[in-house]
Amino acid sequence: MALTIYNTMTRKKETFEPLHDKQVKLYVCGPTVYDSAHVGHAMSSIVFDVIRRYLEYRGYEVRHVMNYTDVDDKVILRANDLGVDPLELAEQYIGEYNLLIEKLNILPAEEYPRVSGEIDQIIKMIEGLIEKDYAYEVEGDVFFRVSKDEDYGRLSRRDLEEMRAGARLGIDERKEDPADFALWKSTKAGEPSWESPWGPGRPGWHIECSAMSLHHLGEQIDIHGGGNDLIFPHHENEIAQSESYTGKRFAKYWVHNGMMQLSGAAMSKSTGNVLNVETFLEDHDPDALRLLVLNASYRSPATFNEDVVEQAEAGLARLRGALRDAIPGSEADEEVGEELAAAAEKARQQFDKAMDDDFNTAGALGHLFDLVKEINQARSAGADQKTLEPAKATLIELTGVLGLRLDDRSQTEQAEIGPFIDLLLDVRRELRDQGQYELADSIRNRLSELGVTIEDSKGGTVWHT
RNA sequence: GGCGACGUAGCCAAGUUGGUAAGGCAAGGGUCUGCAAAACCCCGAUCACGGGUUCGAGUCCCGUCGUCGCCUCCA
């Protein structure tokens, strides 16, 4: 079986073949850090995290780079409003993002370059483009000469003529062509600026990713990712810059995630239709967000609302419930053990097959839920701990490939409070034996309030946090 | 207006070479339990609508309606 990936460039699913054997170079466009992250950003991070995890599960060595855009109109505007230094403001948000990445259980990238740290690379690239006649300088600004790039518009399937016809008012008259875009902007008052051959200024938005990708991953990469709102103009322009500069194909696969929809519209900072990740995490499990994202196709718009969040939390509880202990007093059952092992193996095969199909996480999850049912059935049938163990291990491993943490119950915490809970349960046992149910239920309720759920069964009582 | 995506049970949704619709959540019934919780068992759709191609279409083609994205900064 071969892994297939949908490539925006060809609009088709293609068999995945990295440029270099088992090594995968993955560049993902990160956020412009002028505000806190919203759940749409989280979705993007989760999507590419799962792609990375699955590639690694498949035996690839992934070199993952994600940038932070810390020099940009938005950042400057916001900083000036607040009366603070743009780079310091950006630094603050980068700190927030890094923290979120950790909370959301996203594997750290190898590098997190930022514009302010890559100015030399950017200038060098612009110089190269001017040399090759792909760019020109006007009064301290440098523009990319779109007409020189015959392939321009290939990714977004846009026609250059139509783009010119549709160009809005307010075009910079100094540009040779309305479709040309800025590589370098001469400095204005109140903006951070750097010295360059064209005078003081700062980089345009698109050139940074081209330069960083080139710097950290080389001339050609395997996968370039980002939200589908970046297809045009950002990624189109990246391709124009990078390929004009190196003369080589930039990225082999272009992968784009769909937008998170909040109340029927895309989450967007510019419209204020957003929910911050931090706010969400105040009363929700990060894995619920992950499950919510994974329950649908990464390329389609994702539905986000209270119902869906609730459903994801319930689903998460079911996944975790499969890891519950055997019913006390159960015995080993070889036959059930063999059936379970077969079910686990089948689940793995189907999981792989689904994931091989352009990371079909929703389909893969379906098969994991099948395994959950098998485990629960075996437990109900009286299988003991040891019989259940291998299937549980498979479930933990495969949900782990999706970045879900089922086994997150802190072992140390359990060991610490365990004896006390057991003591309470012993007392409750006696109360129940004596028919003093009110007191027994009171213990159960109090424990529940403290986050400890207890469940009675024939063989005894089990508890979990 | 241009380009593109989508429309599957109450909700979220999978379904790539066309052959009688995964999974989760919710609701309902039952088993277990002193009660409860969890779990287990049972229970629901002909796939927006209208045509067409085909022995056969959710899955291909055309049209209609609807939703969304991009076209300006945006994951």
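**Entry 1: Y54 and F359**

I started with burial: Y54 and F359 are both buried in this predicted model. Next I checked the ring geometry. The centres of the Y54 and F359 rings are 6.2 Å apart and the planes stand at 85°, so I logged the pair as edge-to-face. I then looked up where the two residues sit. Y54 is in helix 1, while F359 is in the loop between helix 11 (334–356) and helix 12, and the pair links distant parts of the chain, 305 residues apart.

**Entry 2: other rings**

How many aromatic pairs does the count come to? I get 14 aromatic pairs. I picked F16 and Y60 to look at. Their ring centres are 5.5 Å apart with the planes at 80°, so that pair is edge-to-face. F16 belongs to the loop between strand 2 (12–15) and strand 3 (23–28), and Y60 to the loop between helix 1 (39–57) and strand 4 (61–66), so the pair ties together parts that are 44 residues apart in sequence.

Buried or exposed, I wondered about F16? F16 is buried, at a relative accessible area of 5%. For Y60 I noted 14%, and since buried means under 20%, Y60 is buried.

I also went looking for charges over rings. K22 has its charged end over the ring of Y60, 4.3 Å from the centre. A second case is R158, which lies over the face of F232 at 4.3 Å from the ring centre.

**Entry 3: strands**

Five of the six residues in strand 3 are buried, so I wrote it down as mostly covered. Strand 3 pairs with strand 4 in the parallel sense, over six bridges. One position I noted is Q23, which stands opposite E61 in strand 4.

Three strands make an open sheet in the order 12-11-13, with mixed pairing.

**Entry 4: RNA strand B**

Last, I listed what lies around the RNA. I find 64 residues surrounding RNA strand B, and the closest are W205, G227, L230, D357 and Q377. Of the RNA strand B atoms that come within 4 Å of the protein, sugar and phosphate account for 67%.

Which element gives the largest share of the surface near RNA strand B? Helix 12 (residues 361–380) does, with nine residues. By class, I sorted that surface into 17 nonpolar, 26 polar and 21 charged residues.

A polar backbone atom of G40 is 2.9 Å from a base nitrogen of RNA strand B. M260 also has a polar backbone atom at 3.0 Å from a base nitrogen of the RNA strand B. On the sugar side, an N or O atom in the R324 side chain is 3.2 Å from a sugar or linking oxygen of RNA strand B.

How values were computed. Residues numbered from 1 in each chain as written. Chains lettered and ligands numbered in written order. Predicted model: local features only at pLDDT ≥ 70, side-chain atom pairs only at ≥ 80, totals over all residues. Heavy atoms only, no water. Near = heavy atom within 4 Å. Polar contact = N/O pair within 3.5 Å; in protein donor to acceptor, adjacent residues only side chain to side chain. Helix = DSSP H or I, 4+ residues; strand = E, 2+ residues; numbered from the N terminus. Nonpolar A, V, L, I, M, F, W, Y, C, P; charged D, E, K, R; others polar. Phe/Tyr/Trp six-rings, centres within 6.5 Å; stacked < 30°, edge-to-face > 60°. Buried < 20%, exposed > 50% of the residue type's maximum accessible area, 1.4 Å probe, protein only. Lys NZ or Arg CZ within 6 Å of the ring centre and 35° of its normal. Pairing = 2+ DSSP bridges.
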